[in-house]
Each structure stands twice: as C-alpha cells, then as structure tokens.
Amino acid sequence: MLEHGGQLRHAAKSYHISLEKWVDLSTGINPNGFPIPDIPSKCWQRLPEDNDGLLTAAQDYYQAESLLAVAGSQAAIQNLPLLYSHSKVGVLHPAYAEHGACWQQAGHQIIKLTPETVDAYLTQLQVLIIVNPNNPTGHLFSQQQLLDWHKVLQTNNGLLIIDEAFMDTTITNSLSHLSPQRGLIILRSIGKFFGLAGIRCGFVIAEAKLLNSLEKKLGVWSLSHPSRYVATHALMDTHWQQNTLKNLPKQAQRLQKLLYSNNLLVSGSHALFHWVKTPTAKTVHQQLAQQGIWTRLFTKPTSLRFGLPKDESEWQRLSQALFSLQES
Ligand SMILES: Cc1ncc(COP(=O)(O)O)c(C=O)c1O
C-alpha cells in the first residue's frame, strides 16, 4: 500500500498526541469544505438510482455530457488499467503515485516522466497519464500542450488520461468541456475543492464506450445514496463555489507568506497546498509533528506538502510551531 496524506490516527499513535489535538495539513483537501445538508432518510433506506439528478448536476458543473460517477476518482485509477492490454505507460514523477502503482500492478510497463521529458518519450507510449494541476508540485499544464500530446498519441491509437482532481480552482486549464474525444479520459474529484473526500465521489469524463466498460467493471451501486445526495448539492451550489473560489487563493497566499517568513521556500503551489523541497524535510516534518502539526513528507524528492489551516486557531498553532523551528 502506498502512503498518503491524512492517516491522522497513525500520527496520533506515533507521537502520543490525541487525535483531536492535531492540525492536519497533510492533505490538499479544502479544510472548509461544502457544508453537508440534512440527508433525508430515504437516502439511507433506498438503493441509489442513476436518474436522481447527480449526472445532470455534474454535466452542468463540468460542462461535459459523457460522464460516469464513481466512488472517488481513485476507483477509476484502480480499474482503468484492467481495461487495456499490456501497454507502455508514461506517468509523471513526482505526482499522485497511485497511477503508476495501479498500472504497474496490472502488468503494464511504467516510464517515469517529468513535464520536460514527456516529448522525448511520447511516440513510444501507448498511454500517457498527466496530473493537472500536479500534486504535489502544483505544475499546471496548458490546454494547448495537452491537446498537442493527445494528437501525437492518437496517431498510434494511444490514450491520454488527465487527472484533474485539483482542477476546480483553475478551470481555464481543464479539458473537461472538450470531451468526449477518442483516446481521452479525464478524472475529476469531489474530494479536494469541495472538501468532501469522505463521501468518495468522483467522475470519469470520456467516450460512452469506455464509460460502459468501466461501469461494468465497477458493478451496480458503486456510489452510495447519501454520497450521491451530498455531491449533487455541492455541484449545484454556485454561491458556495463562487465564495470558495474567491477565498482559497487568499488563504494560499497567506500560507505562502508564512512559510517564506520561516525560511521555507515554496517550490510549487496550488490554491489548496504548497510544496516545499528541502533537504531538511524529514526534520521539519518531525519537529512540527511533535507540536501536533501534521504535514505530508515525501522522500523522492525530499520535500513537504502543506495544506491550508482550517481556522484562526490553526493558523496560530502553525505560526507558533514554525517560529519555534527557527529557535531550535
Ligand atoms: C491527484 C489526485 N488524484 C486523485 C486522487 C484520488 O482522490 P478521490 O478518490 O478522493 O477522488 C487524489 C487523492 O489524493 C489525488 O491527489
């Protein structure tokens, strides 16, 4: 199993700090997520139905007609490799490591790429997977760049998968609205911008034929009725979305300033996190953890990801903990 952010129970046990005392900055999940509406009892009692309004809400939000709701984009990440015969697959590194791991586990050959090396390998690949914006580097690929790569891949019937889990704050870079196209799969998540990782909801945007094959693999009722209900509300609430779009960049700027003022130089950014590449990442991670601040540590390359604090008291906790690093 790969390591991920979160896993706060594990941190609590290792550092002997009780669960409720932690400031969890280890994920890129919006800490002030969409407020859960009252869930009607029918959602708990009745099986979910496809025509409950979720797809229409998602079609509007993503500006895409051909999509499939899945139990988190992770469900698609795990199952897509099972739909293709043995392929040479280019994946970004560093990036969300589940892509490479799942394709490798399914017997495909993995080639690790950076944004700079994609061009050199492109004609050898049957599948290229791009995380846009990338996690944890924050690298944002332009639409044109991706369309150019898609075109080259298409000359060999290749496939471009774009993981847009973190795209909601930069939608002018999204290809969702240009879908469906042959050999193009886009993944979206309700977990990050909407801060609803726990409901396990995401979407695959692609040609109907591919969606049918994936749906068959996932089986019936793969998404729970309460999840569908909450996700539908989140996707339709344009007022909440607009406020959040205004607010997140301010929070991100505040975090960047705080990190800089404590000599932590940001190497990559997103509205929901900053990435700090430093040889002292492990020490900083441990020293912050001793004070109940949980960050995401990466070993290759040695780096840390900081998500956004939830409220003023968390900002103060982080600020004091960072300041104390300067003194130690
Ligand atoms: C880039 C990226 N894609 C996809 C996922 C999976 O998210 P979910 O299954 O909650 O949609 C994650 C989770 O951390 C991620 O970081």
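**View 1. Strand β5 is largely enclosed by the rest of the structure, because five of its five residues (127–131) are buried.** A residue is called buried if 20 or more other C-beta atoms lie within 10 Å of its own, exposed if 12 or fewer do, and partly exposed in between, with C-beta atoms placed from the backbone. Helices (H or I, at least four residues) and strands (E, at least two) are DSSP runs numbered from the N terminus. This is a predicted model, in which local features need pLDDT of at least 70 and side-chain atom pairs count only at pLDDT 80 or more, while totals for chains, interfaces and linings use all residues. Residues are numbered from 1 along each chain as its sequence is written. In a regular strand the side chains alternate between the two faces of the sheet. From β5, Val-127, Ile-129 and Val-131 point one way, whereas Leu-128 and Ile-130 point the other way.

View 2. Two strands pair if DSSP finds at least two bridges between them. β3 (residues 88–92) runs parallel to β5 and is joined to it by three bridges, with Val-89 opposite Val-127. Five bridges, also in the parallel sense, link β5 to β6 (residues 159–163). Here the bridge partner of Val-127 is Leu-159. Together with helix α7 (residues 143–154), β5 and β6 form a right-handed β-α-β unit. Right-handed means that, with the strands pointing away from the viewer, the path from the first strand over the helix to the second runs clockwise.

**View 3. Strand β3 is mostly covered, with four of its five residues buried.** β3 and β4 (residues 109–113) run parallel and are joined by five bridges.

**View 4. Twelve positions around the ligand.** The residues around the ligand are Gly-72, Ser-73, Gln-74, Tyr-96, Val-131, Asn-135, Asp-163, Ala-165, Ser-189, Gly-191, Ala-197 and Gly-202. A residue is near a molecule if its C-beta atom, placed from the backbone, lies within 6 Å of it. By class, this shell has four nonpolar, seven polar and one charged residues. Ala, Val, Leu, Ile, Met, Phe, Trp, Tyr, Cys and Pro count as nonpolar, Asp, Glu, Lys and Arg as charged, and the others, Gly among them, as polar.

**View 5. The chain is divided into domain 1 (8–33 + 239–327) and domain 2 (41–236).** These bounds come from an automatic or database domain assignment. The domain centres, taken over C-alpha atoms, are separated by 27 Å. Domain 1 gives 20 residues to the contact and domain 2 gives 16 residues. Contact means that the C-beta atoms of two residues, placed from the backbone, lie within 7 Å. On the side of domain 1 that touches domain 2, α10 (238–261), β9 (268–270) and β10 (273–277) each supply at least two residues. The residues of that side comprise ten nonpolar, eight polar and two charged.

**View 6. Ala-271 lies in the loop between β9 and β10.** Ala-271 counts as buried because 25 C-beta neighbours are inside 10 Å. Not counting residues up to four places away in sequence, Ala-271 touches Thr-169, Leu-248, Pro-249 and Ala-252. Phe-193 is 78 residues from Ala-271 in sequence, and the two are 9.2 Å apart in space, C-alpha to C-alpha.
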